[in-house]
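Here is a friendly note for someone opening this structure for the first time. Please keep the 3D view at hand while you read the points below.

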Amino acid sequence: HDAVIGEIKFGVPEVHQVQRELFDYKKAPWHEIQQDFDAVDWQDLFAGLTADDTAEAFTEVMTRIIRKHVPSKMSWMRISSHPWLNDRCRATIDAKIRARGTANERSERDKCSSVLLDEYNAYVAKTKAKLSELPGSSKMWWKMSNALQGKSSKGSTVQSLKRSDESWARSGREKAELLSDTFVRKSRLPESVTNAHTEAYPNFPQPTDGFLRVRRRQVLRILKKMKVDSATGLDGIAARVLKQCAGSLAFPIALVLRLMLQEGRWPQCWRIHRIVPLFKRKARSDPGNYRGIHLTSQVSKVVERVMADFLRPMFARHNAFGPRQFAYARGRGYRDALALMTLSWLRGMERGNLIAVYCSDVSGAFDRVCEVRLGSKLRRIGLHPRICALLLSWLEPRVS
């Protein structure tokens, strides 16, 4: 006989509980909610307020009306790496453990195995039924598919983290503080170096401060495209509410943006973010291997997309994207880039050429930006001064 050494990885069940306030939007009386929004005199409410106060007043009205109509409850949610492990499974596991060394040990063991298998198969069947109802492009489809295959989620709990002095951060507070310090360090700008390629364009013609038209229909178009499964920010206003009540909320959001452009200021309440650590690669104990995902206000995202409508035409006029730019360019996307590369490779192979693919990435490319240099360049190419002021205000430090 030959000896065979095998290795099997068993995932140890990880469970933690979080308390959340859950809103049951399936029972929301949307007609009554829209009536309440329509009854608000937004112009009178915003009269004499600053951009900061206007955004806060809008959030307060939204929150009050949502809480008035949408039923909610505080619930402890059990997040587990084994989602099929329910109370029935735990009861049979406890019974098997108690039966150790008794006459019932074998029967309780077999019963436990049978219950675990039944619950797992029931979970698989239920998950497959849900997958068949979801589009393949949705985030939930991929999340459920990975869970069905036993793949761990990158967005799960954060394990103990090692500090630079070799000590460990084990409690939730210690891990949060260590990750916060790590994210701040990653976002710190290096010392500026002056050379022939970093002229800041100090002398440029000032563009005229013309009228900026923020239309209600611009905001309405963006509200109707909101994704209802997008994460909610600190204000608690869900994207589902904005999309469902788009016709009633387009006008007040347009008023908020007009005042922001007038003052050139991004509201302070939208600078407060929830940051969720997302594991990227290598050791999970290294805080440097996590990326901070910002959960921002959904209303602020709407305003950002309206602002993009002012920026894109200017970038197009100056050919800022270039002929080979696919990201952030209107009418282009990753599918177009893949199609172009695939066809180019096929054409090259048909001609007998060798194809070499080089992939590179700039670490932390979006974590750092010098707002002084960026503002100088944007003003030089003729960006409206109010848009430029608001954009630079948007780049000011955030609070997490």
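1. A word on exposure comes first: a residue is called buried under 20% relative accessible area, exposed over 50%, and partly exposed in between (1.4 Å probe, protein chains only). Glu-60 makes a handy example, because its relative accessibility of 55% places it among the exposed residues. You will find Glu-60 in helix α3.

2. Some ground rules before going further. This is a predicted model, in which local features need pLDDT of at least 70 and side-chain atom pairs count only at pLDDT 80 or more, while totals for chains, interfaces and linings use all residues. Residues are numbered from 1 along each chain as its sequence is written, and side-chain values use heavy atoms, with hydrogens and water left out.

3. Now the overall picture. The chain has 14 helices and 6 strands; these are DSSP runs numbered from the N terminus, helices being H or I with at least four residues and strands E with at least two. Of its 400 residues, 30% count as buried. The accessible surface of the chain is about 27200 Å², and carbon and sulfur atoms hold 53% of it. Such areas come from the Shrake-Rupley method with a 1.4 Å probe, and for residues only the protein chains shown count as cover.

4. Contacts are worth a look too, a contact meaning heavy atoms within 4.5 Å. Among contacts in the chain with a separation of 6 or more, 72% are between residues 24 or more positions apart. Thr-54 counts as buried because its relative accessibility is 1%. Leaving aside residues up to four places away in sequence, Thr-54 touches Phe-46, Leu-49, Val-256 and Leu-259.

5. Helix α3 also matters for a surface feature. Asp-53, Glu-56, Glu-60 and Glu-263 form a negative surface patch, and helix α3 (residues 51-69) gives the most to this patch, with 3 residues. Patches are made of residues with over 30% relative accessible area and no salt bridge, like charges being joined within 9 Å and nonpolar side chains (Val, Leu, Ile, Met, Phe, Trp, Tyr) within 5 Å. Asp and Glu count as negative and Lys and Arg as positive, with His and the chain ends not counted. The place of a charge is taken as CG of Asp, CD of Glu, NZ of Lys or CZ of Arg.

6. Which residues form the nonpolar patch on the surface? They are Tyr-334, Leu-338, Met-341, Leu-343, Trp-345, Leu-346, Met-349, Ile-355 and Val-357, which together have about 900 Å² of accessible area. Leu-343 lies in helix α12 (residues 334-350). With 57% relative accessibility, Leu-343 counts as exposed.

7. How many salt bridges does the structure hold? There are 12, each being a side-chain nitrogen of Lys or Arg within 4 Å of a carboxyl oxygen of Asp or Glu. In one of them, Glu-177 pairs with Arg-173, their closest N and O atoms being 3.3 Å apart. The two are separated by about one helical turn, because they sit 4 residues apart in helix α7 (residues 172-186). Arg-173 is exposed at 65% relative accessible area, whereas Glu-177 is partly exposed at 42%.

8. A second example joins Arg-312 and Asp-309, at 3.4 Å from N to O. Being 3 residues apart in helix α11 (residues 298-317), Arg-312 and Asp-309 are also about one helical turn from each other. Is Asp-309 buried or exposed? Asp-309 is buried, since its relative accessible area is 16%; Arg-312 is partly exposed, at 31%. Both belong to a network of salt bridges that also links Arg-221.

9. Finally, two loops deserve a visit. Glu-166 lies between β3 (161-162) and β4 (168-169), and its phi is near 75 degrees, a positive value in a residue other than glycine. The side chain of Glu-166 also meets that of Lys-162 in a salt bridge (3.6 Å, N to O). Glu-166 is exposed at 53% relative accessibility, while Lys-162 is partly exposed at 31%. Lys-282, in the loop between β5 (274-279) and β6 (290-295), likewise has a positive phi without being glycine, near 60 degrees. Lys-282 counts as exposed because its relative accessible area is 71%.
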